[in-house]
Amino acid sequence: MPEGDTVYQAARRLHSALAGKVLTRSDLRVPKFATADLTGRAVLDVTPRGKHLLTRIEGGLTLHSHLRMDGSWKVYAPGQRWSGGPAHQIRAILGTADRTAVGYRLPVLELLRTADEHRAVGHLGPDLLGPDWDPDQARENLLRDPARPLGEALLDQRNLAGIGNVYKSELCFLLRATPWLPVGDLPAEHLAQLPALAKKLLETNRDRPARNTTGRREQRLFVYGRAPRPCLRCGTPVRVADQGDGSRERPTYWCPACQPGPTPAPGAHARRPGRPRTTN
């Protein structure tokens, strides 16, 4: 599921395939930009910003995309069969002489002036995998609303950019706090280590094909997707419940023994254990 590390990997693949090459094919399948023709222009770079992708193109243009829940960019060689989904799910095609990048199920796709990129990503907090990373600013952003539940605050990209639902649950477990604990109630020592721990999780996984927060080969995640299996630390069954983030309810996993703090009332927002939903 697309979080900061996944988007970083997508940007790297696209940059390797397109940067420095002239587009020989351009097809943006969204009504507002369907007539835009980028052929003949060179791709300058592909840069991740939090969970956003910025494909910068010669002539001062940027193609902005966001994967959200199940979007993806696939890169194909000439003659290779496209396998990212049915044709009606394709939203963008960018082709060069030797590679074709195909964007599937992209919920956000817009062409804008590079000088106006701030319209798309200017609201984001410090990027955990970006050159603008500022742990002090991220901590300050999180504390602006001390009563806000920790899980919601971590998902808010205005605070720090790159954390999704998986890392939210895993980070709360490592901080030994429930996702419903108000940010302001997080012990000072845990608050102090939060930015560095979040950055370490994403940096460790940005080059891995399979996300891993435990360091174990067979059990890659501490709590996410593990309800009602036993906690890897104490053996207590992991629980799952929905938690809002201001836009939708998201499945949230925690260990009731290892993570002290407030939890949903019994039966409230409860979810039946099973395959977790994907998140943006």
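Okay, quick definition before we start: a residue is buried if its relative accessible area is under 20%, exposed if over 50%, and partly exposed in between, using a 1.4 Å probe and protein chains only.

What we have here is a predicted model, where local features need pLDDT of at least 70, side-chain atom pairs count only at pLDDT 80 or more, and totals for chains, interfaces and linings use all residues. Numbering starts from 1 along each chain as its sequence is written, and side-chain values use heavy atoms, with hydrogens and water left out.

Back to R68, then. Its phi is near 45 degrees, a positive value in a residue other than glycine. R68 lies in the loop between β4 (61-66) and β5 (72-76); helices (H or I, at least four residues) and strands (E, at least two) are DSSP runs, numbered from the N terminus. R176 also has a positive phi, near 55 degrees. You'll find R176 in the loop between α5 and α6, and at 41% relative accessibility it counts as partly exposed. For context, most residues other than glycine have a negative phi, and most peptide bonds are trans. On the peptide side, A227 and P228 are joined by a cis bond, with omega about 0 degrees. P228 is in the loop between α6 and β9.

How many aromatic pairs does the structure hold? Four, where Phe, Tyr and Trp rings (the six-membered one for Trp) pair if their centres lie within 6.5 Å, and planes under 30 degrees apart are stacked, over 60 edge-to-face, the rest tilted. One of them is F173 with F222, stacked at 4.9 Å centre to centre and 25 degrees between the planes. F173 sits in helix α5 (residues 165-174) and F222 in the loop between α6 (188-205) and β9 (239-244), so to speak a link between distant parts of the chain, 49 residues apart. Both F173 and F222 are buried. Then there's Y224 with Y253: ring centres 4.9 Å apart and planes at 65 degrees, so that pair is edge-to-face. Y224 is in the α6-β9 loop and Y253 in strand β10 (residues 249-254), so this pair ties together parts 29 residues apart in sequence. Y224 and Y253 are buried too.

Next, helix α3 (residues 135-142). Which of its residues are buried? A138, R139, N141 and L142. At the N-terminal end, D134 caps α3, with a side-chain oxygen 3.1 Å from the backbone nitrogen of D136.

Last, the cores. A nonpolar core is a set of buried Ala, Val, Leu, Ile, Met, Phe, Trp, Tyr and Cys residues joined through side-chain atoms within 4.5 Å. The largest has 25 residues, and L53, L63 and W73 touch the most other members. Its largest share, six residues, comes from α1. Leaving out residues up to four places away in sequence, L63 touches a list including L28, I57, W73, L94 and E110. A second, separate core has 24 residues, among them A153, L160, L191 and A198.

Terms used. Polar contact = N/O pair within 3.5 Å; in protein donor to acceptor, adjacent residues only side chain to side chain. Contact = heavy atoms within 4.5 Å.
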